[in-house]
Structures are given as C-alpha cells and as structure tokens.
Amino acid sequence: STWGCSKGDLRSLGCQNRMSDQVREEGIEEMIRVAMSQGGELSELNLSTKLISDRGVSQITRTLLSLVSLTALDLSDNLIGDAGAEALGAVLCHQNQLTSLKLRDNKVGRVGARFLATALANANCKLTTLNLWDNLIGDTGAGCIGDALATGQCSLTTLCLNCNQIGSRGAEKIVLALEGSQTNLYSLYMRHNHVGNAVARRFAALLERGRSSLTDLDLQGMSCCTNSTRELIFFRE
C-alpha cells in the first residue's frame, strides 16, 4: 500500500496533520510497525522533517531491510550526514526493490556521497531516482557519483544535485560518464552549482546532438556564466 494524506485519511507516516514533527529517533521503528499493522505492506515511506540524525538512520536500517515491498523512501529535511548515508548505502545494496530515495535538505558530504556512489555501482542496487538537493557533496562527491554512472551498472534515470557546491571538476566526471553513453540517465538537475561555461557547453552538446540518454537538463543559476552560454544552461527536450 502507499501511505499518503488523501481526503483526511491517514495513509502516510509523513502526514503532519496527525503526527508530530518532533518525533524522537527512538520511536521511529515503532512508527513503522504501527503503520504496517494498520495498512499491511508499505510501498512508500515518508519520514521527511522528523529530525532524523545519523543515529536514527542506523537505528531503522534493520527495519528498512525488512520492508520487502518498499519502493520509495523520503528522508528529506532531516539531519542525516555521512554516517547515515553509509547506512543507507548498505540498505541499497540489499533492498533491490527500492527505486526512489529522497535526501533533500540534509548534511550529506563527500564521504557520504562516496558511500552512496558505491551502492549505485552495485548490481543489486536498482535505484532509479536519487534526490540530493541541498547537501554538501562538493566536487569529490559528484565525482564519485560520476564514476558510478560510468560503470554501466548504475540504474539511475533521474539525479538531482542542485545546491551542492559542485564545481567544474566534479561536474566534468558526470559529463564524462554521459559522453561514454553507458548510462540510463534521462534527467539531471544541477542548478545553483559552479559548473563553469566549458562543462556547461559539453552538457548542452549531449542534448543537442543526441549523444546520450539525457533528455532533461537543468543547470540554471550557475555562478559563472557569460551571455554566450546563458541560453545553453537550461534545456528541456
């Protein structure tokens, strides 16, 4: 079943009208057990805005692994850092039905991104959507994800890296993977980073010439952009 707020019914662990946002980490597993007892197997689990830290993620790892029907996990707007990302990477390597992971507005850095990238390159990982909007992965983290994309094992079709302090070095690793035509990536969102004009042109060339699977690219809000490339930094086919 899918848990979501609809017509006043409680179908989501993230329903803010019925559950407090100030959930203590010690009670998260119990929340999941209660939800399962009320609605059976979970396919989507929303734990956004629950003040979950690395400790909380580690605490619920075993429970997440037991949710055999879980396809989408939303942990946005929490306090998850590198150690939490490491725990989630382990889940991704074993929970091969999980296809969507949202980690927007957390504290994942370059080390955490490396753990997630290692999972993405694992054949058991079937994740197709990863949202890391507004984290701290930087060039190193973006490079690790680019390396994962280049393996040909990565299942990602949608990747969001908006607002991650990514410069040209990290972005180049991603564009190199896409130029190699080994990826399944259709949508890439990297707005408000520091990609640079040269790499932006390479991304745009992929779209214009149909040289990769990429069809949707957002590089808006680049900190350095000349007028000559401004029209190329946002392209939607």
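Visitor: Why does Asp218 count as buried?

Guide: First, the ground rules. This is a predicted model, where local features need pLDDT of at least 70, side-chain atom pairs count only at pLDDT 80 or more, and totals for chains, interfaces and linings use all residues. Residues are numbered from 1 along each chain as its sequence is written, and side-chain values use heavy atoms, leaving out hydrogens and water.

Asp218 counts as buried because its relative accessibility is 4%; buried means under 20% relative accessible area, with a 1.4 Å probe and protein chains only. Asp218 lies in strand S7, residues 216–218. Strands are DSSP runs of E, at least two residues, and helices are runs of H or I, at least four, both numbered from the N terminus. The Asp218 side chain makes a polar contact with the side chain of Arg191, at 2.5 Å. Such a contact is a pair of N or O atoms within 3.5 Å; within protein, one must be able to donate a hydrogen and the other to accept it, and residues adjacent in sequence count only if both atoms are side-chain atoms.

Met190 also touches Asp218. Contact means heavy atoms within 4.5 Å. Other partners of Met190 include Leu161, Ile174, Phe203 and Leu219.

Met190 leads on to the largest nonpolar core, which has 62 residues; Leu188, Met190 and Phe203 have the most contacts inside it. A nonpolar core is a set of buried Ala, Val, Leu, Ile, Met, Phe, Trp, Tyr and Cys residues joined through side-chain atoms within 4.5 Å. Helix H3 gives the most to this core, with 6 residues.

Notes: Buried < 20%, exposed > 50% of the residue type's maximum accessible area, 1.4 Å probe, protein only. Lists of a residue's contacts leave out its neighbours within four places in sequence.
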